[in-house]
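This briefing concerns the structure displayed below.

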Amino acid sequence: MSIFAIRNREYALERIPSLLKNYPESKEILDFYRHVLDFQLNVYKDLKDGDWRKNIKKLYELLELCSQYGSQRLKEKTQEFLEKSQEELQRAVGEFLKEKSAPYEERFFFISFLNPFMSKGAEKAEIDKTGWLKNKCPFCGFKAVVSYLSDTEEVQGGRFLVCQVCNSEWLYNRAECVRCSNNEDSELHYFYDEDKKAVQIQACDRCGTYIKVVDMRIDGLAVPLLEDIASLSLDLWASQQGYVKFEKNVFGL
Ligand SMILES: [Zn+2]
Ligand SMILES: [Zn+2]
């Protein structure tokens, strides 16, 4: 059991109140997601390994939770999934891990369910991420959903990409588009709300893709995966400008 990883999950839950204050427009999503984070923490605490198949019953718990607190869209889909057998659910989750995509509601269920197991698996695997520098997760192969800047012992203002499926983080070039590797300063643009400078959009004019960059040097308390979810107004703005997100978060934004 990793005390450090449990603490990180508790910390993410404790971050919600300040996000609610900064992003009142995201209240509905955050109030619901708090239940999901709580579910994930409880699943994670009891895990010895990352074997999600033998714990497929937990997916029913998550579905019940979505039918109680989720949006209307999620609620409707939960009924269909609650009727599936364990074997059917295992097959659906396995298929998602292979294809790495699914319709919004299913993707929400699968990523939320898999997260504690996959992050446990990633910790156990202890993958050497040195020199990885790719836009996909070195453990599970999903695309990075968000990035952040931080000073570490090795790098000043290093940029890290984050996987929402297994919580892995790895180093990436700071001034480089995650999709097309463009590193021309004149074609990479940064956008942010004047009163929330820690969360920025890095948009590439060459391929029209964007990803958020959370500057932990401005806000050291930030939790990148959650900041991305809370700052949905930036996503709406970016899509109005014609930019497409590199990888959508669990809420499809
Ligand atoms: Zn991953
Ligand atoms: Zn690009």
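The chain is divided into domain 1 (3-125) and domain 2 (146-245), with bounds taken from an automatic or database domain assignment. This is a predicted model, in which local features need pLDDT of at least 70 and side-chain atom pairs count only at pLDDT 80 or more, while totals for chains, interfaces and linings use all residues. Residues are numbered from 1 along each chain as its sequence is written, and chains are lettered from A and ligands numbered from 1 in the order in which they are written.

**Domain interface**

- The centres of domain 1 and domain 2, taken over C-alpha atoms, are separated by 23 Å.
- Contact between the domains involves 18 residues of domain 1 and 14 residues of domain 2, two residues being in contact if their C-beta atoms, placed from the backbone, lie within 7 Å.
- On the side of domain 1 that touches domain 2, helix 1, helix 2 and helix 6 each supply at least two residues; helices are DSSP runs (H or I, at least four residues), numbered from the N terminus.
- Helix 6 provides the largest share of that side, seven residues.

**Nonpolar core**

- The largest nonpolar core has 63 residues, of which Leu-114, Val-162, Cys-163 and Val-165 touch the most other members. Such a core is a set of buried Ala, Val, Leu, Ile, Met, Phe, Trp, Tyr and Cys residues joined through C-beta atoms within 7 Å.
- Helix 6 (residues 104-125) contributes nine residues, the largest share of this core.
- At least three residues of the core come from each of domain 1 and domain 2.

**Helix 3**

- Helix 3 (residues 57-69) has 13 residues and reaches 19 Å from its first C-alpha to its last, close to the 18 Å expected at 1.5 Å a residue, where the expected span is 1.5 Å times one less than the number of residues.
- Its buried residues are Leu-59, Leu-62, Leu-63 and Cys-66; buried denotes 20 or more other C-beta atoms within 10 Å of the residue's own, and exposed 12 or fewer.
- Viewed down the axis of helix 3, these residues fall within an arc of 100°, so they line one face of the helix; the arc is that of the directions from the helix axis to the C-beta atoms.
- Lys-57 and Gln-68 are exposed on the other side of helix 3.
- The buried residues of helix 3 pack against helix 2 (27-45), helix 4 (72-82), helix 5 (86-99) and helix 6.

**Helix 1**

- Helix 1 bends by about 30° at Ile-16, and Pro-17 follows within four residues; the bend is the angle between axes fitted to the seven residues ending there and the seven starting there.
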